[in-house]
Amino acid sequence: MDYHPIRKLEFELPQAICRHHCLFCANYGGQPTEPPLTREESVALVEDFAEMGGEVLVVTGGEPLECPFAYEIMRCAHRRGLSVVLYSAGYLVDEAAADALALVPVEKVYITILGEEETHDRITGSRGSYSRGLSAISLLSRRRIAVGINFIPMKPNYAEWRRVFSAVQAAGAQEFRLTELMPQGRAWENRALLELDTAEYRFLLEDIAGRPLELGRVAAHTLNGRHLLRLPRRAVALPAAHVFRRPDRHHRHARGIRHPVPGGKNQAWEQEA
Ligand code: SF4
C-alpha cells in the first residue's frame, strides 16, 4: 500500500470556544468536547505529526488563543521543525500576545475581517470586533509577522470588499484571501441571508478582475482553489482526538449534509472517510 505522509495538519485546539457568534460559523464557535484532549495529549499529537514527516501545523478553533495551552502547542511545533500558521478572530491579540506570537515564532496569522465596521460587527454578533481585528493586524505586522485576511463574500458584505481591502492593507496585512462560504453549521441555517446568488457572484468576480468575465464552471473555483490545492496532503485534528484526512475541496462535501448539528464538521469528514 502506498504511504502518503500528512504534510499539513489543521489542529482545532481543545477548549477553544470563541466569543463571537458569526452568522456563518461552520463550527458553531468551536466544539465543546467531553473530555477534550489534555495538554499532554495535544503536545503528543503535535510531536507524532512532526515525527511522521509533517511540515505545517495550522492552529484553529473556535478561537485557538482561548485554549489555555495554545502557546505551548505552537512552541512545541516550532521546536519540532514545523511551520506554524494561526487562524484567529484577533480579539485576544494585544501587545503581550503579539510579542508571544513573534517569539514562537508564528509564520503567518490569518485574521477574519468580514466587512466595514458596522457590517463586520453585525456578522460576528460582537460589537467592537472590527476594531479589535484591525488592531491585531497592526500589532502583528509591526512585529514582522505575516498577516493574511480571510474575507468570506456574503450578501451583507460582498459589495464592501474594496474598502475592506484598503483598510486591512493600511493596517499592514500582506494577503487578502477570499474564502468561499461553506454551507454548514450556522451558514447552513442562515444560507438564504448569506449566500451570494449568481448575479452577485458575477458582480464580485468582475469587480475584482476589473473587467467582464466569461463565467463558466471554472469561475466558481477560482476564488479559493489555489489555496486548497497548494498542499495535496492535509488532515484535520479535532478536540475529541479524531484525525481525518481533509478533502481538498471540503465545501463540496459539506454540501451533502442536510441537517448539520453542532460538531457538523465531524459529520462531513466521517462521510468522507
Ligand atoms: S470568529 Fe471564527 S470561530 Fe468564532 S464564531 Fe466567527 S467564524 Fe466561528
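**Loops, cis bonds and a ligand shell**

User: Between which strand and which helix is the place of Gly62?
Analyst: In this predicted model, Gly62 is joined to Gly61 by a cis peptide bond with omega of about 20°. Most peptide bonds are trans. The loop that holds Gly62 runs between strand E2 (56-60) and helix H2 (70-79).

User: Is Gln15 buried or exposed?
Analyst: Gln15 is found in the loop between strand E1 (8-12) and helix H1 (39-51), and its phi is positive, near 55°, although Gln15 is not a glycine. Most residues other than glycine have a negative phi. Because a residue with 20 or more other C-beta atoms within 10 Å counts as buried, and Gln15 has 20 of them, Gln15 is buried.

User: How many C-beta neighbours does Tyr28 have inside 10 Å?
Analyst: Tyr28 also has its place in the loop between E1 and H1, with a positive phi near 50°. Tyr28 counts as buried because its C-beta neighbours inside 10 Å number 22.

User: Which residues come nearest to the ligand?
Analyst: The shell around the ligand divides into 4 nonpolar, 9 polar and 1 charged residues. Of the 14 residues around the ligand, those that come nearest are Cys18, His20, Cys22, Cys25 and Ala89.

Definitions and conventions:
Residues numbered from 1 in each chain as written. Predicted model: local features only at pLDDT ≥ 70, side-chain atom pairs only at ≥ 80, totals over all residues. Near = placed C-beta within 6 Å. Nonpolar A, V, L, I, M, F, W, Y, C, P; charged D, E, K, R; others polar. Helix = DSSP H or I, 4+ residues; strand = E, 2+ residues; numbered from the N terminus. Buried ≥ 20, exposed ≤ 12 C-beta atoms within 10 Å, placed from the backbone.
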